[in-house]
Amino acid sequence: LPDWLVRQAQDGGFKMRSQDPEFMSLARQWFAKIGEQTKGLFWKDGGPIVGVQLDNESSDWKYLLALREAALAAGINPPTFVKTGWPTPSPGFPSDYPMLPFFSGYADSFWTKKMEEDVATPR
C-alpha cells in the first residue's frame with residue numbers, strides 16, 4: 001500500500017486491507033490514479049497487461065471482490081485478476097470466483113544481508 005494510505009489509516013484509526021468504508025474510499029482514490037496511468041496498457045487495448053493482483057495473501061475473498069469491483073470502476077480491466085493461492089479462502093468461497101489462484105515461490109533468500117552462498121539451499 002502507498003505510504004499516504006497507510007498514514008491516513010494510522011491517523012484515522014481504521015482497518016487497512018478490509019472492507020472498512022474509509023479504507024475502501026482511499027483504495028478507490030488510489031485505483032483511480034492507477035487507472036489513469038495504465039489507460040491503454042491492458043491486453044484488450046493492445047497493451048501488455050494480462051493480469052492484476054490487487055492484494056497479497058488475503059483469505060478474505062469478499063474483500064478481494066470489493067477491490068476487484070473498485071478496480072474495474074477505475075478502468076483497471078485486465079483479462080485476468082489473480083489472487084495468491086494461499087491462505088485457504090474464508091468460508092463461503094464460491095466455486096465460480098472470478099480470480100485465478102496464483103502460486104509461486106522465492107528463488108533465493110533475497111531478504112537476507114548475507115553476502116556468501118547459501119549452501120543449505122539445494123541446487
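**Close-up 1. R17 and its salt bridge to D55 in the predicted model**. R17 is partly exposed, at a relative accessible area of 37% (buried means under 20%, exposed over 50%, partly exposed in between; 1.4 Å probe, protein chains only). R17 forms a salt bridge with D55 (a side-chain nitrogen of Lys or Arg within 4 Å of a carboxyl oxygen of Asp or Glu). The closest N and O atoms of R17 and D55 are 2.7 Å apart. R17 sits in the loop between helix 1 (3–12) and helix 2 (21–37), and D55 in the loop between strand 1 (51–53) and helix 3 (61–73), so the pair ties together parts 38 residues apart in sequence. Helices (H or I, at least four residues) and strands (E, at least two) are DSSP runs, numbered from the N terminus. D55 counts as buried, with 14% relative accessibility.

This is a predicted model: local features need pLDDT of at least 70, side-chain atom pairs count only at pLDDT 80 or more, and totals for chains, interfaces and linings use all residues. Residues are numbered from 1 along each chain as its sequence is written, and side-chain values use heavy atoms, with hydrogens and water left out.

**Close-up 2. The salt bridge of K44 and D45**. The two side chains meet at 3.1 Å, N to O. K44 is exposed, with a relative accessible area of 55%. D45 is partly exposed, at 40%.

**Close-up 3. The salt bridge of R68 and E69**. The closest N and O atoms of this pair are 3.3 Å apart. R68 counts as buried at 18% relative accessibility. E69 counts as partly exposed at 46%. The salt-bridge count comes to three. Side chains of opposite charge can pair when their charged atoms come close.

**Close-up 4. The aromatic cluster of W61, F93 and Y97**. A search of the whole structure finds six aromatic pairs (rings of Phe, Tyr and Trp, the last by its six-membered ring, with centres within 6.5 Å; planes under 30 degrees apart are stacked, over 60 edge-to-face, the rest tilted). The ring centres of F93 and Y97 are 4.6 Å apart and their planes lie at 40 degrees, so this pair is tilted. A pair of aromatic rings is described by the distance of the centres and the angle of the planes. F93 is partly exposed, with a relative accessible area of 35%. Y97 is buried, with a relative accessible area of 9%.
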